[in-house]
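Hi,

Here is the structure I promised to pass on. Have a look at it first, and then read my notes below.

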Amino acid sequence: MRIITHLCPACGTVVAANELENNRVMKCPGLGCQEVLRFEDLPEDAREHFLKNRNRYQT
Ligand SMILES: [Zn+2]
């Protein structure tokens, strides 16, 4: 299974796509980082892949 993650551009913290999808807009979980991350920040192909297979990404 393809792992889809997003890298915070400010601090490099890795965020799982399913967290982004659950929240749509979330503050970066990185310590002291104020960056706001969005599901839409993921590349289009990654978003499509995730949405097509989202049932497999539930934990
Ligand atoms: Zn960050």
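Leaving aside neighbours within four places in sequence, Phe39 is then in contact with Leu20, Glu21, Arg24 and Arg47.

Two bits of housekeeping. Residues are numbered from 1 along each chain as its sequence is written. Do keep in mind that this is a predicted model, where local features need pLDDT of at least 70 and side-chain atom pairs count only at pLDDT 80 or more, while totals for chains, interfaces and linings use all residues.

On confidence (pLDDT is the predictor's confidence in each residue, from 0 to 100), the protein chain has a mean of 93, with 98% of its residues at 70 or more. Strand S4 (residues 36–38) has the highest confidence at 97, and helix H3 (residues 54–57) the lowest, at a mean of 86.

Now the fold. There are three helices and four strands in the protein chain, in the order β-β-α-β-β-α-α along the sequence. Its radius of gyration is 11 Å, close to the 10 Å from the globule rule for 59 residues, so the chain is as compact as a globular protein of that length. (That radius is taken over C-alpha atoms, and the rule is 2.2 Å times the number of residues to the power 0.38; helices, H or I of at least four residues, and strands, E of at least two, are DSSP runs numbered from the N terminus.) The C-alpha trace spans about 35 × 20 × 20 Å along its principal axes.

What about burial? A residue is buried if 20 or more other C-beta atoms lie within 10 Å of its own, exposed if 12 or fewer, and partly exposed in between, with C-beta atoms placed from the backbone. Of the 59 residues, 12% count as buried.

Arg24, one of the contacts of Phe39, lies in the loop between helix H1 (17–23) and strand S3 (25–27). Arg24 has a positive phi of about 65 degrees although it is not a glycine, and it is exposed, with 10 other C-beta atoms within 10 Å. Glu48 sits in helix H2 (residues 44–52) and counts as exposed because it has 11 C-beta neighbours inside 10 Å.

Cheers

How values were computed. Two residues are in contact if their C-beta atoms, placed from the backbone, lie within 7 Å.
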